[in-house]
Amino acid sequence: TVFIMNPVLSEDQVKETVKKYTDYLKKNKSEIVSEENWGLKKLKYSIQKKKSGFYYLIEYKCDGDILSKMDVEFKRDEAVLRWLTVKLDKYAIEYAEKRRNRLSKTEKTSE
């Protein structure tokens with residue numbers, strides 16, 4: 001799931017919003033595979049008169065029945081502008097693992 005949060009949120013509010021959804025997933029017996037904070041990015045088109053937003057990615061394994069409940073939570077949350085949840089096939093999972101490994105290697109070399 002990738003979601004875009006309101007750009008006027010403080011850093012603490014962003015962390016609080018992310019924690020809300022990770023806790024929700026953990027509470028519903030989901031396994032969180034990875035999390036990535038993509039930071040503040042410019043939007044291709046304005047959403048609710050906002051031209052940028054905080055992007056966050058959560059990759060997880062769960063039962064499909066909790067996704068509809070999670071959609072309702074996203075709809076109720078004023079901090080979230082948009083979200084997208086996709087199911088990864090085996091090739092996408094392999095690609096995601098390779099991408100994470102590449103990212104972790106570049107982070108280690110930059111330190």
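What is the volume of the largest pocket? The largest pocket has a volume of about 610 Å³. A pocket here is an open set of points on a 1 Å grid over the protein atoms alone, with protein on both sides within 12 Å along at least five of seven lines. The volume is the space filled by probe spheres (1.4 Å) set on the points.

The model is predicted, so local features need pLDDT of at least 70 and side-chain atom pairs pLDDT 80 or more, while totals for chains, interfaces and linings use all residues. Residues are numbered from 1 along each chain as its sequence is written, and side-chain values use heavy atoms, without hydrogens and water.

The pocket lining (residues with an atom within 4 Å of a point) has 24 residues, and Glu59, Tyr60, Val86, Lys87 and Leu88 lie nearest the centre. Strands S2 (31-47) and S3 (50-61) and helix H3 (90-110) each give two or more residues to this lining. H3 gives the largest share, seven residues. Helices (H or I, at least four residues) and strands (E, at least two) are DSSP runs.

Helix H1 (residues 11-27) packs against helix H2 (residues 65-76) at an angle of about 160°, with the axes 11 Å apart. H1 and H2 are therefore roughly antiparallel (an angle over 145 degrees). In their contact (heavy atoms within 4.5 Å), Lys20, Tyr21, Tyr24 and Leu25 of H1 meet Ile66, Lys69, Met70, Glu73 and Phe74 of H2.

How values were computed: Axes fitted to C-alpha atoms, helices over the stretch in contact; angles between N-to-C directions. Parallel < 35°, antiparallel > 145°, perpendicular 65-115°, else oblique.
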